[in-house]
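Try each task before reading its solution.

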Amino acid sequence: MATPLISIRHLSKAYRRGTQIIPVLVDISLDIDAGEFLALVGPSGSGKSTLLNCIAGIDTVDAGEILIGGTDIVTLSESALAAWRSRHVGFVFQFYNLIPVLSAQENVELPLLLTHLSARQRREHAAAALAAVNLSDRADHRPGQLSGGQQQRVAIARAIVTDPTIVVADEPTGDLDRQAADDVLALLDRLNDELGKTIIMVTHDPRAAAAARIIRQLDKGELHVAHPAHPEERL
Amino acid sequence: MLLIRLILKNAFRHRLRALLTILGVAVALTAFGLLRTVLDAWNSGVAASSASRLVTRNAISMTQSLPYAYKMRIRQVTGVETVAAGSWFGGIYIDEKHFFANLVVEAEDFFKLYPEIAAPPEQARAFIQDRKGALVGVQLAERFHWKLGDTITLRGTIYPGQWPMTIRAIYRAARPGFDETTLYFHWTYLDEALKKTMPQRAGQVGFFMIGIDDPSRAAAISKDIDALFINSQAETLTETEKAFQLGFVAMSSAILLALEIVSYVVILIILAVAANTMAMAARERAGEFAVLKTLGFGGGTLSLMLLGESMILSMSGAILGVAALTPITTLFARTLTQYFPVFDVSRETMLLGLGFGALVGVLAALVPAWRVRTLGIAAAFRRIG
Amino acid sequence: MAVPFAYSWRNLWTRRLTTALTAGGMALVVFVFTATLMLGEGLRQTLVATGSPDNAIVLRKGSETEVQSGVARDAASAITTRPEIATTADGRPLAAREAVVLLALTKKSTGKVSNVVVRGTEDASLPLRPQIRLVAGRLPRRGTFEVMVGENVAKGFAGAALGQALRFAKRDWPVVGVFSAGNTGFSSEIWGDVDQLLPAFGRRGFSVVIAGLRHPSDLAAFKNAVENDPRYEAEVWRETKYYEKQSEMMRKFLTVLGVALTAIFSLGAMIGAMITMYAAVASRVPEIGALRAMGFPRSGILLAFLLESLLLGGLGGLAGVGLAALLGFVTFSTINFQTFSELAFRFALTPGIILASLIFSLAMGVIGGFLPAVRAARMAIVDALRQG
């Protein structure tokens with residue numbers, strides 16, 4: 001079997017409040033293959049979001065290593081990490097976090113500003129990403145003029161426009177009604193299936209979890225045994 | 001009352017923003033107070049002048065002189081009690097940076113005219129008896145660390161040469177607001193010297209200070225005095241001391257107007273800062289207000305609450321600003337003493353500062369309070385979602 | 001790796017009221033700052049232009065102004081024979097013995113009295129001042145009591161218009177001409193025949209001697225000769241230098257007062273900017289988190305917010321300067337503390353002043369916006385995202 005895209009070994013993280021030590025992640029080891037669609041589930045406070053944040057390079061760890069594409073991101077400095085993220089990670093947030101004063105097109109272009117593409121190339125890539133999420137006709141609209149589902153799709157376009165190594169999604173359907181949620185999940189499924197994007201999703205919505213291929217459960221910072229989202233598939 | 005506590009809590013909900021607003025208001029109000037104090041200081045001469053004193057000078061301008069011989073004739077006018085001759089000497093002590101007012105006067109009559117100038121009797125006597133003696137204000141003496149018996153020299157500008165003199169008396173103002181930074185010495189000293197060196201300039205004075213018996217007759221007596229000298233070589237212009245001082249102030253009226261305008265500009269700046277804070281606060285809490293309305297709070301009550309918050313912030317700033325005014329004024333007074341001998345914060349200025357603080361508090365809350373009254377509950381909820 | 005400019009600019013536009021109030025506060029401060037500088041510059045321009053580098057002015061030693069000065073008749077006449085002085089077409093020295101006295105006239109705008117310079121002149125006085133042109137009426141005739149007045153006097157003082165007569169020293173002095181001296185101090189003067197004015201003012205000696213030098217570099221020799229002659233007790237200045245000194249005290253006073261006041265106000269405006277930017281940062285925390293997550297560096301965030309406050313400062317600056325520029329239409333007339341005489345000058349705007357004002361305004365924006373921008377940049381990504 002090919003080496004996993006992401007290799008996490010003995011990851012630990014704890015919060016210190018005064019003399020109290022509260023463990024958040026306890027000795028987590030995990031492999032994620034390229035092209036996988038993984039859902040991290042667990043009760044509130046289980047550490048799933050923290051694990052996601054660590055993988056995405058936006059939170060620090062106390063011990064362990066996170067190898068992504070051969071790079072142990074735990075060892076990177078802050079500015080190196082920022083540069084790494086711009087090339088390798090696409091983000092989808094629960095509340096979309098689009099820039100209200102920028103149009104949909106401009107929002108999608110944002111991550112491309114961190115590359116060396118020309119203005120014209122940036123526009124083309126952004127237009128392609130918007131087309132992939134079926135929102136080309138809303139390119140000039142501001143987030144305030146879009147529905148929740150549409151905003152999330154713009155966010156997804158933003159997440160894939162740099163062709164990142166992994167896409168992380170933190171509760172992507174948390175703020176959406178059922179129809180919009182289904183649309184978003186279908187989109188993520190397509191991205192994974194047709195474009196081969198590696199997607200790691202945190203959710204407490206069982207429907208969302210069902211859209212993924214593999215489900216891993218966290219409880220009090222510990223990872224449980226993996227099981228497929230669809231029991232009929234083999235691990 | 002719960003409402004008051006609520007208002008207080010809301011005002012300081014964003015502690016940093018509240019503190020910054022208070023600070024902004026305070027700083028600007030201090031500037032306002034400083035400006036008003038400068039304006040007051042400019043007018044201090046007017047405030048200190050007396051209605052029972054007249055000033056007679058050459059009708060052409062203050063820079064022309066009058067014959068000393070006029071004194072006899074002025075004394076004979078009905079209603080005139082005391083006449084003291086004097087001139088602006090305009091001497092320089094060390095250099096221009098050490099500027100202070102210096103005049104020559106006829107000492108005995110001058111003391112009679114100015115009970116505000118209070119020097120210990122033995123010093124006053126010593127001054128009168130020494131022709132080269134000098135009478136200095138206590139603030140002036142403190143500024144240059146002069147003591148009784150010190151000899152100082154003035155370099156004449158209008159009357160050239162070096163003029164040494166000995167400090168024989170130090171006076172205090174017997175009335176608050178009277179200048180304590182002037183140096184007086186003897187007109188006879190000047191005149192005797194001029195008789196020897198520039199005889200054509202001897203026997204001349206710059207003005208006569210005149211004490212009258214009945215202040216209500218000031219205008220009439222002034223006319224009588226001027227009538228004496230119509231068609232003579234030097235025609236005179238006599239007016240009350242107050243009118244004379246007002247004339248001085250009016251010469252700089254353009255600057256004073258500019259300062260006044262600027263003081264109101266400052267108020268506008270404060271208003272901008274306060275209104276901004278209130279607008280932000282109101283906008284952020286639109287949802288809250290909607291909730292309160294559903295609970296039954298009327299638009300009027302909510303407006304009052306906003307007004308209360310605005311007043312707390314602006315009045316806190318106003319009190320702070322006015323309180324800071326006195327120490328800051330003292331600081332400025334030391335540097336500005338040569339321009340403004342009297343530099344005190346008046347009670348009026350403090351009240352004005354507080355008043356404007358209150359006005360700003362009301363105005364800043366005006367538009368947000370109006371908006372909250374007319375706030376549609378559904379619209380507000382829609383805005384949050 | 002910059003956050004786009006549009007981000008900063010559009011955010012200001014979206015919160016228009018706040019932007020207007022904050023920039024408005026800064027505009028007012030800039031207005032006062034610029035106006036003060038304009039006043040000082042106008043004063044300087046007026047007084048510098050009043051003198052000519054070709055002329056020397058002779059005063060009594062130790063006197064600070066023409067009004068205080070006195071030069072005896074024989075001394076004055078002797079001085080005009082000096083070889084450094086140029087000669088006119090008809091062979092006479094280009095020098096004038098003048099008398100300067102202050103006359104109290106009623107100012108139209110205040111109804112109160114102010115001191116106007118009355119200058120007793122000789123034939124050479126006018127050629128010595130090429131800035132002066134007759135604009136109405138005619139020149140006063142020598143040997144008469146006729147006078148001509150500067151534009152500012154005719155406009156600003158009662159009874160001094162063409163065709164009227166001033167009354168002082170027991171007689172009437174008809175105003176037969178009005179002259180313009182551009183933006184110089186002479187526009188605030190009244191000119192007449194020195195031989196008529198001296199006795200009217202009860203004087204025998206002149207106030208000053210104005211000498212036109214053959215060459216500006218002749219000043220040294222002239223100065224040397226006149227100042228070292230024990231008979232004269234005089235001092236000599238180049239005319240331009242003399243007038244420049246006349247404005248020193250006023251300029252210093254205006255500048256110090258104006259700058260001190262502006263410094264204090266600017267604190268208020270900067271606090272206003274700080275409040276606005278803190279609020280801006282607070283309302284955009286999730287976006288900041290998203291931008292950082294995407295890989296934008298902390299410096300990029302810092303610069304984006306600094307740019308926003310810089311734009312605020314820029315808006316305020318432009319508005320403030322624009323407002324102050326309107327003052328260019330206003331003439332400011334007051335008494336010059338140093339000479340005790342009336343002086344009219346304008347608010348003068350120069351490119352240097354515009355630049356200084358804009359820099360000042362931008363600085364206010366940057367200083368006010370600095371701490372909030374730092375707060376935006378220092379946020380931990382996860383904390384910022386949690387606030388969404």
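**Exercise 1.** How many residues does the contact take from chain A and how many from chain C? Then describe the side of chain A.

*Solution.* Keep in mind that this is a predicted model. Start with the count: chain A gives 20 residues to the contact and chain C gives 20 residues. Next, look for the main contributor on the side of chain A that touches chain C: helix α2 (residues 78-88) of chain A supplies the largest share, five residues.

**Exercise 2.** Work out how helix α2 (residues 15-42) of chain B and helix α11 (residues 253-284) of chain B are oriented to each other.

*Solution.* First take the geometry: the two helices pack with axes 9 Å apart, at an angle of about 170°. Then apply the cut-off: angles over 145 degrees count as roughly antiparallel. Therefore α2(B) and α11(B) are roughly antiparallel to each other. To finish, list the residues in the contact of α2(B) with α11(B): 18 are nonpolar, four polar and three charged.

**Exercise 3.** Trace the open sheet of four strands in chain A and find its edge strands.

*Solution.* Begin with the order, β2-β1-β4-β5 (chain A), in which the pairing is antiparallel. Now read off the edges: β2 (20-32) and β5 (71-72) of chain A each pair on one side only. Then follow β2(A) to its partner, strand β1 (residues 6-17) of chain A, where nine bridges join the two in the antiparallel sense.

Notes: Residues are numbered from 1 along each chain as its sequence is written. Chains are lettered from A and ligands numbered from 1 in the order in which they are written. This is a predicted model: local features need pLDDT of at least 70, side-chain atom pairs count only at pLDDT 80 or more; totals for chains, interfaces and linings use all residues. Two residues are in contact if their C-beta atoms, placed from the backbone, lie within 7 Å. Axes are lines fitted to C-alpha atoms, for helices over the stretch in contact, and angles run from 0 to 180 degrees between N-to-C directions. Angles under 35 degrees count as roughly parallel, over 145 as roughly antiparallel, 65 to 115 as roughly perpendicular and the rest as oblique. Ala, Val, Leu, Ile, Met, Phe, Trp, Tyr, Cys and Pro count as nonpolar, Asp, Glu, Lys and Arg as charged, and the others, Gly among them, as polar. Two strands pair if DSSP finds at least two bridges between them.
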